[in-house]
There are 2 protein chains.
Amino acid sequence: MAMDERKKKVLLAIVKDFIDTAEPVGSRTISKKYNLGVSPATIRNEMADLEAMGYIEQPHTSAGRIPSDAGYRYYVDSLMEKYPLSEAEKNYIRKRFSQKIREIRDVIDIGAELLSEMSSYTSLIMGPYYQEDRLKQVVLVPLSAEKILLVAISQSNNISNYVLDVPPSLTENDLDIISRVWNNRIKGLAPSEIGNDMLNEIYEELHVYRKVISNIALALFEGHEQPGGPVSLSGSLNIFNQPEFKDLGKIRDILELLESPMVIKDLLADTQPQGLTIKIGGENKLEGINQCSIVTATYNLDGQMKGHIGILGPTRMNYAKAATLVEIMAQQLALSLKKLLE
Amino acid sequence: MAMDERKKKVLLAIVKDFIDTAEPVGSRTISKKYNLGVSPATIRNEMADLEAMGYIEQPHTSAGRIPSDAGYRYYVDSLMEKYPLSEAEKNYIRKRFSQKIREIRDVIDIGAELLSEMSSYTSLIMGPYYQEDRLKQVVLVPLSAEKILLVAISQSNNISNYVLDVPPSLTENDLDIISRVWNNRIKGLAPSEIGNDMLNEIYEELHVYRKVISNIALALFEGHEQPGGPVSLSGSLNIFNQPEFKDLGKIRDILELLESPMVIKDLLADTQPQGLTIKIGGENKLEGINQCSIVTATYNLDGQMKGHIGILGPTRMNYAKAATLVEIMAQQLALSLKKLLE
DNA sequence: ATTAGCACTCATTAAAGGAGAGTGCTAACA
DNA sequence: TGTTAGCACTCTCCTTTAATGAGTGCTAAT
């Protein structure tokens with residue numbers, strides 16, 4: 001069966017109305033609210049066709065139709081119109097990003113908050129990270145007789161702190177020597193490239209304090225192991241507003257998933273490198289959010305660093321608005337972060 | 001009316017049974033399950049008295065009785081027996097705390113997780129903080145031509161990082177001088193004690209780079225402004241298990257409160273300096289959790305540092321178990337943190 | 001002082017009966 | 001041949017009614 005113009009119009013009306021009202025849409029409603037110029041009976045015929053094609057379905061005999069996942073997919077791919085952001089909304093975003101921003105955390109927190117606030121859904125943001133972040137410098141600071149502080153600075157000026165145990169015999173001079181040797185070696189290296197070969201070379205060069213040296217290596221290696229950047233989540237309680245989630249169990253399942261940063265990273269990382277990615281309902285493999293949709297985008301910094309951003313809402317979500325918001329926010333994040341980082 | 005032995009026994013039975021079953025307790029149940037050696041009719045008389053005294057109440061005419069806030073209060077103050085932790089439970093705690101612990105965050109996260117897991121309620125932990133944390137040392141590291149890294153180390157070895165803008169003319173030698181001057185001044189000082197007087201003295205001494213110096217002061221001052229330590233929250237979704245919270249609105253209200261670290265800090269900080277604090281239902285001023293109870297304790301380190309720990313559950317919570325868990329966990333935290341910090 | 005007995009209350013559950021929304025189908029119409 | 005009015009049919013949702021049962025307070029007997 002073909003998808004003629006009128007069928008498209010009917011499907012569009014059903015999707016729009018259902019997104020709006022969360023109620024199954026009947027033929028009379030469509031005929032009245034969306035003036036297609038035909039009677040409810042005609043619409044009913046079209047609807048029967050659309051159902052046969054798998055784009056809409058009936059919760060029960062005497063109810064209207066609701067879009068199926070495939071229906072939303074068709075809508076998103078072929079029918080959706082661009083949602084324009086009002087000037088007021090744009091200004092609001094700018095205003096919020098002109099607050100004092102001190103570090104990356106601030107940027108992604110503001111972004112996530114804005115995104116959930118303006119969309120009324122849940123927002124997820126992963127902060128920027130180097131595909132492979134490289135080390136720039138380490139600094140060793142004595143803390144007490146048996147402890148030192150290791151500060152690792154990456155090329156992206158990402159700072160990591162580690163407190164290490166050292167033998168009390170270690171002098172400040174020793175520290176200087178150790179840090180100099182390390183700094184000679186590691187500049188421009190990814191933490192994962194710190195291998196045994198390098199360690200052995202350093203042992204050779206210094207002969208002493210093997211333990212200290214290996215502890216430094218370990219700290220650098222482990223500290224950077226976590227893939228991806230920091231994560232910010234906002235508005236997870238917005239699901240309570242969605243009528244399709246009036247069931248305690250469902251809400252709980254979703255909130256439970258969102259408690260895990262790993263899950264969020266997975267959700268976000270599964271994104272195309274360019275443009276928007278929209279996953280609808282069952283297209284999400286993750287059990288528990290197959291009644292949800294996710295709109296994600298990747299933002300890039302200098303081509304080297306990237307991050308992800310997304311909106312999670314019910315399948316019946318305002319895709320147009322979500323898409324626009326994600327797009328704008330990705331741009332804004334790239335902008336703010338670039339400014340912050342250099 | 002006086003509180004004779006039998007009344008106490010009846011009240012105890014009601015509290016225990018209601019905590020167990022979440023159902024109003026009838027006279028027949030008490031007579032059968034808790035062998036007081038009297039008939040339901042007698043118990044009914046006692047219950048009428050207890051109701052007159054305000055310790056129990058009836059949801060409706062044909063239901064059993066449930067404890068009132070005052071009833072729980074009496075129970076907690078006078079009737080509650082100590083809940084002994086099994087050897088298995090103790091071992092479990094020890095085992096979890098023998099995991100690799102690298103920093104304070106690890107300790108409070110493990111603690112919070114354990115506490116919510118073992119109690120089936122929500123747990124709140126505030127990490128250790130100095131009443132007034134004092135500075136020990138600052139380190140300045142050049143990052144790029146126009147940026148430096150300021151590392152502030154406190155007496156408790158708390159590390160804070162700040163990236164500051166500096167004029168490109170600033171040399172590494174300048175940095176050494178600036179940090180030396182600062183370190184001479186701040187050792188043992190609380191960040192709040194960095195005043196304009198001190199700033200002026202430093203200006204006098206150095207004459208140049210006023211802007212850099214004041215930025216350092218600002219960073220130190222603002223960075224430490226947040227009162228209290230880091231906060232860890234765990235098991236907030238456990239409310240979904242409580243039959244008294246089968247209402248979406250109530251759950252939402254509570255989760256919303258718990259989203260704010262400030263609220264958690266307030267809840268925890270409102271604690272007696274010694275021993276356990278138990279706040280029951282309406283005793284909590286905070287709107288929204290007046291159907292909840294909180295069991296909190298303060299743990300102390302060296303008499304200088306302290307932190308807070310608590311369990312939040314429904315008014316119908318297992319106070320005995322919660323109290324024991326909070327007590328044990330406070331000890332364990334103090335232990336683990338002491339080991340970690342020195 | 002305790003207890004058996006009993007009438008009474010009230011939440012909860014199940015069953016029954018509309019009301020209403022929306023459909024599919026048929027037949028008439030342009 | 002496509003469109004539409006008309007109508008019987010289905011099924012959810014809401015309200016009403018009735019029955020059940022748990023638990024009480026009171027009275028009178030022990």
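In the predicted model, chain A superposes on chain B through a rotation of 180 degrees with 0.0 Å of shift along its axis, at an RMSD of 0.1 Å; the copies were superposed by least squares on the C-alpha atoms of residues with pLDDT of at least 70 in both. This is the relation of a two-fold axis. Among the residues of chain A, Leu248(A) comes closest to the rotation axis, with its C-alpha at 3.6 Å. Residues are numbered from 1 along each chain as its sequence is written, and chains are lettered from A and ligands numbered from 1 in the order in which they are written. Because the model is predicted, local features need pLDDT of at least 70 and side-chain atom pairs count only at pLDDT 80 or more, whereas totals for chains, interfaces and linings use all residues.

The interface between the protein chains brings 17 residues of chain A into contact with 17 residues of chain B, two residues being in contact if their C-beta atoms, placed from the backbone, lie within 7 Å. On the side of chain A that touches chain B, at least two residues each are supplied by strand E4 (135-144), strand E5 (147-154), strand E6 (159-165) and helix H10 (248-259) of chain A. Helices (H or I, at least four residues) and strands (E, at least two) are DSSP runs, numbered from the N terminus. H10(A) gives the most to this side, with 4 residues. By class, the residues on this side of chain A comprise 12 nonpolar, 2 polar and 3 charged; Ala, Val, Leu, Ile, Met, Phe, Trp, Tyr, Cys and Pro count as nonpolar, Asp, Glu, Lys and Arg as charged, and the others, Gly among them, as polar.

Both protein chains contribute to the surfaces near the DNA. Around DNA strand C there are 20 residues, of which Gly26(A), Ser62(A), Val38(B), Thr61(B) and Ser62(B) come nearest; a residue is near a molecule or strand if its C-beta atom, placed from the backbone, lies within 6 Å of it. Helix H2 (27-33) and helix H3 (40-52) of chain A, together with helix H3 (40-52) of chain B, each supply at least two residues of this surface, and H3(A) gives the most, with 4 residues. The surface near DNA strand C divides into 6 nonpolar, 11 polar and 3 charged residues. Around DNA strand D there are 20 residues, and those that come nearest are Val38(A), Thr61(A), Ser62(A), Gly26(B) and Ser62(B). Here H3 of chain A and, from chain B, helix H2 (27-33) and H3 each supply at least two residues, with H3(B) giving the most, 4 residues. The surface near DNA strand D has 6 nonpolar, 11 polar and 3 charged residues.

The domain assignment of chain A gives domain 1 (5-79), domain 2 (87-130 + 228-341) and domain 3 (135-223), the bounds coming from an automatic or database domain assignment. The centres of domain 1 and domain 2 of chain A, taken over C-alpha atoms, are separated by 29 Å. Their contact takes 7 residues from domain 1 of chain A and 11 residues from domain 2 of chain A. Helix H1 (5-21) and helix H4 (69-79) of chain A each supply at least two residues of the domain 1 side, and the largest share, 4 residues, comes from H4(A). This side of domain 1 has 5 nonpolar, no polar and 2 charged residues.

In chain A, an open sheet of 3 strands has the order E4-E5-E6, with antiparallel pairing; two strands pair if DSSP finds at least two bridges between them. E4 and E6 of chain A stand at the edges with a single partner strand each, so one side of each lacks a neighbour in the sheet. Neighbouring strands of this sheet are turned by 20 degrees against each other on average, direction ignored. E4(A) and E5(A) pair over 8 bridges, and Gln137(A) stands opposite Ile153(A) in E5(A). Helix H7 (residues 172-186) of chain A lies across E4 and E5 of chain A, running at about 165 degrees to E4(A). Axes are lines fitted to C-alpha atoms, for helices over the stretch in contact, and angles run from 0 to 180 degrees between N-to-C directions.
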